[in-house]
Amino acid sequence: MATASIRTDESVAEHSAERLICAVPQDKSILHRILVIASLSQSTVAVPTNAPIADDVQTTLKALRQLGVHIELSDAEIVIHGVGVRGLSTPDQPINCENSGTTARLLMGVLAGQSFDSTLIGDASLSRRPMQRLANILNDHLGAQIACSDEGTMPVRITGRELHDAHITLPVASAQMKSALLLAGLVAGGAVRIEEPAQSRDHTERMLSALGIDITREEGRAGIRKSSSIIAPNSFEYSVPGDLSSAAFFVVAAAILRLDVEIKNVGLNPTRTAFLDVLTDAGVPIFFSDVCEVHGERWGTISINARAAQSYKPIGIGADVFANLQDEIPILAVFAMFAGGTSSISGAAELRRKESDRIAALVENISKFGTPVREREDGLEIDGRTEFVPRQCQIDAFGDHRIAMAMAVAALRAPGEVTIPDASVVSISFPTFFAELTRIAAAAGKTITIT
Ligand code: S3P
């Protein structure tokens with residue numbers, strides 16, 4: 001595992017008046033979905049690509065190949081040759097979902113209604129995450145037959161069978177669960193209606209609708225109508241925007257280093273932008289331009305004009321917005337270290353069930369930097385200071401890509417050296433993260449070395 005060292009080096013300081021342009025990978029959530037949905041179509045779908053594919057997305061790609069889908073991958077595009085909702089073939093061994101919760105949950109929905117049996121396994125982190133909640137809903141409401149381990153985790157054993165129509169009220173707002181249920185309905189040709197306690201990200205609904213599927217959607221509700229089938233043209237191209245959750249690291253880096261940074265062609269789906277509202281309310285000058293719509297998804301350019309920004313106000317995040325910014329909480333917690341006053345994050349217990357226990361991981365690492373932080377069962381409180389100077393330390397990323405990236409951003413305000421031992425974990429969602437961060441780091445008089 002590579003170690004990243006983020007070290008002060010005044011000779012690289014580049015406090016130019018220029019605006020930095022940062023590139024982010026394509027949206028991970030949308031890429032997972034187009035791979036799965038295109039595989040279930042009877043079309044050939046080309047997805048233009050412009051950067052190395054994140055490990056999690058590769059995991060979905062490999063899983064679909066194992067299910068008999070022919071997928072070509074080159075530097076410029078992914079081409080998926082769909083086999084239809086019932087055209088998948090029996091996997092010869094368990095499907096390894098590695099670190100990817102989205103792969104596991106989407107496949108549970110797709111495989112529940114097939115005419116063959118299958119088993120899903122994962123790495124140590126995914127094997128600790130809950131699978132029983134979704135298995136129970138698929139079993140109890142759609143008539144699936146899915147068994148998890150005694151702890152409600154992987155391996156997930158799926159006995160393929162006919163599913164029936166369902167009307168489900170989800171216990172938590174979860175786009176992975178909602179998407180799995182919609183895909184199960186698509187495969188079964190049945191009607192599935194879902195209500196969520198809050199609106200989760202709606203990429204699946206938008207994509208299915210853009211491909212001509214009979215979908216209903218309104219705030220907190222989604223449904224697929226009976227006998228929907230993918231009626232997209234035989235061959236088409238589907239473009240995927242930049243990942244807003246990856247862009248979040250540079251938005252906060254620009255804010256806390258008082259830089260002007262621009263990120264182009266990034267996804268601005270309203271179910272994902274809540275963290276930008278939080279930062280704007282705290283005083284970060286954020287602007288949008290070139291906003292347009294592609295396949296029902298909003299795209300645009302984000303500019304952070306923080307060069308002249310004054311001090312920032314603390315942030316408050318509660319259960320009401322949690323679903324729409326949960327992946328950004330690690331980097332919002334870093335922002336809170338440099339906002340004057342006490343920031344509070346609550347209603348966020350689901351963070352304990354992500355790639356790591358993110359509440360514990362944040363408390364441990366923020367403390368290492370020297371910021372006072374208090375752990376709560378469902379969140380944390382952070383006493384930030386505008387002029388805070390973090391201590392030199394060694395980070396424990398707990399094998400979690402978003403913890404590693406968030407702490408690398410905090411390190412840009414620390415004099416001396418900060419090391420992140422398992423830094424290569426960033427490739428789960430952002431293989432080129434450190435290459436991009438290096439240019440921002442230079443503006444802060446920092447070098448990044450990976451050894
Ligand atoms: C995702 C949904 C969210 C999010 C995850 C990606 C998706 O999880 O945290 O990183 O692509 O559907 P939940 O569905 O567990 O809320």
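## Chatting through a predicted model

Reader: Nice! Which residues surround the ligand?
Author: The surrounding residues are S29, R33, T102, A173, S174, A175, Q176, R201, Q326, D327 and K354.

Reader: Switching to helices: how do α5 and α6 sit relative to each other?
Author: Helix α5 covers residues 175-188 and helix α6 covers residues 203-210. Their axes come within 9 Å and cross at roughly 30 degrees. Angles under 35 degrees count as roughly parallel, so α5 is roughly parallel to α6.

Reader: Why give both an angle and a distance?
Author: Because two packed helices are described by the angle between their axes and the distance between the axes.

Reader: Got it. Which residues of α5 and α6 meet?
Author: From α5 there are K178, S179, L182 and L186, and they meet T204, E205 and L208 of α6. Sorted by class, this contact has three nonpolar, two polar and two charged residues.

Reader: Okay, new topic. Is the peptide bond from M154 to P155 cis or trans?
Author: That bond is cis, with omega near 0 degrees. You can find P155 in the loop between β8 (145-147) and β9 (156-159).

Reader: What is phi like at N265?
Author: N265 has a positive phi, near 50 degrees, and N265 is a residue other than glycine. Look for N265 in strand β15, residues 260-267. F398 is also not a glycine, and its phi is positive at about 50 degrees. F398 belongs to the loop between β21 (379-384) and α12 (401-411).

Reader: Last one! Where is N324, and what does N324 contact?
Author: N324 is in the loop between α9 (319-322) and α10 (329-337). Leaving aside neighbours within four places in sequence, N324 is in contact with Q199, S200, T271, R272 and A274. With T271, a polar atom of the N324 side chain lies 3.0 Å from the backbone oxygen of T271.

Terms used: Residues numbered from 1 in each chain as written. Predicted model: local features only at pLDDT ≥ 70, side-chain atom pairs only at ≥ 80, totals over all residues. Heavy atoms only, no water. Axes fitted to C-alpha atoms, helices over the stretch in contact; angles between N-to-C directions. Helix = DSSP H or I, 4+ residues; strand = E, 2+ residues; numbered from the N terminus. Parallel < 35°, antiparallel > 145°, perpendicular 65-115°, else oblique. Contact = heavy atoms within 4.5 Å. Nonpolar A, V, L, I, M, F, W, Y, C, P; charged D, E, K, R; others polar. Near = heavy atom within 4 Å. Polar contact = N/O pair within 3.5 Å; in protein donor to acceptor, adjacent residues only side chain to side chain.
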